[in-house]
Structure formats: C-alpha cells, structure tokens
Amino acid sequence: MSRKRIFEPVVYTVIATDGLNHSEDVRFKISYGYELENPNPVFKVQMIQGTLLKGRQAPSYSDHDLDRIMIIREKLKEKFDLTNKLARDIEYQELDLLDS
C-alpha cells in the first residue's frame, strides 16, 4: 500500500553536510514544491540518512551548511520559477546550480 505524499517537490537537489554535526551518511534534500492541496509553493530542507528520507525529523545545520543552503535556495528558486508547476521530482546537481 502506498501512501500519498504530503510534500511533492517540483525541483530539488541533495547535498552532503559539512560533517561537523552529522555522520558521513547524512545529506540534505533541498526542495521547492507543494504540500497537500495548498497552491502556495513551499521551500523545504529535509535530512536523508543512508537511503531513508527523515521527513518528520527537523534538520539541524552548522553555520557553514546553512550558508550553502541559502545560496542553493536562491538558485533552486530560479529553476522553480522557470519550471512547469505540474512537473515533479526534477533533480539538479549541486554543482549545476552553483555554476548557473
């Protein structure tokens, strides 16, 4: 039985943490998309450990990670604004976002 997703990303990227506060297998998923039936876009940062998305765990970040996330947020927002809002799960690599 599959569950309906609460958050559906339109665009996203996954980045490694700086390793100061998390183990090596923890990454951040940074997304723009929609929650439930709400028409207003949402910016979301989630943690991934191994292959498990920890959707209900509040992320925590070092200052360095937060600075990187905010830069990527701006770049990802630009991609979101240019993307058909019916699309889902378009992944961008971190380096592609930073080079644009």
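Student: What is the relative accessible area of Asp 89?
Tutor: Asp 89 has a relative accessible area of 34% and is therefore partly exposed; buried means under 20%, exposed over 50% and partly exposed in between, with a 1.4 Å probe and protein chains only. Please note that this is a predicted model, in which local features need pLDDT of at least 70 and side-chain atom pairs count only at pLDDT 80 or more, while totals for chains, interfaces and linings use all residues. Residues are numbered from 1 along each chain as its sequence is written, and side-chain values use heavy atoms, leaving out hydrogens and water.

Student: Where does Asp 89 lie?
Tutor: Asp 89 lies in the loop between helix 1 and strand 5 (90–91). Helices (H or I, at least four residues) and strands (E, at least two) are DSSP runs, numbered from the N terminus.

Student: What is the phi of Asp 89?
Tutor: Asp 89 has a positive phi of about 60 degrees, although it is not a glycine. Most residues other than glycine have a negative phi.

Student: Which loop holds Leu 36?
Tutor: Leu 36 is in the loop between strand 2 and strand 3. Leu 36 is not a glycine, yet its phi is positive, at about 45 degrees. With 58% relative accessibility, Leu 36 counts as exposed.

Student: And where is Pro 41 found?
Tutor: Pro 41 is found in the loop between strand 2 and strand 3. Pro 41 is partly exposed, because its relative accessible area is 46%.

Student: What is Pro 41 in contact with, leaving aside its neighbours within four places in sequence?
Tutor: Pro 41 is then in contact with Gly 33, Tyr 34 and Phe 80, where contact means heavy atoms within 4.5 Å.

Student: Turning to helix 1, which of its residues are buried?
Tutor: The buried residues of helix 1 are Asp 65, Arg 68, Ile 69, Ile 72, Leu 76 and Phe 80. Seen down the axis of helix 1, these buried residues fall within an arc of 110 degrees, so they line one face of the helix. The arc is taken from the directions from the helix axis to the C-beta atoms.

Student: What covers them?
Tutor: The cover includes strand 1, strand 2, strand 3 and helix 2 (94–99).

Student: Which residues are exposed on the other side of helix 1?
Tutor: Asp 63 and Asp 67 are exposed there. Glu 74 also lies in helix 1, and at 48% relative accessibility it counts as partly exposed. Glu 74 and Leu 98 are 24 residues apart in sequence and 9.9 Å apart in space, C-alpha to C-alpha.

Student: A new topic: how much space lies in the largest pocket?
Tutor: The largest pocket holds about 480 Å³ of space. On a 1 Å grid over the protein atoms alone, a pocket is an open set of points where a 1.4 Å probe fits, with protein on both sides within 12 Å along at least five of seven lines. Grid points are joined across faces, edges and corners, and the volume is the space filled by probe spheres set on the points.

Student: How many residues line the largest pocket?
Tutor: There are 13 lining residues, and Ile 6, Phe 7, Gln 46, Leu 53 and Gly 55 lie nearest the centre; lining residues have an atom within 4 Å of a point. Strand 1 (7–16), strand 2 (26–35) and strand 3 (42–49) each supply at least two residues of the lining.
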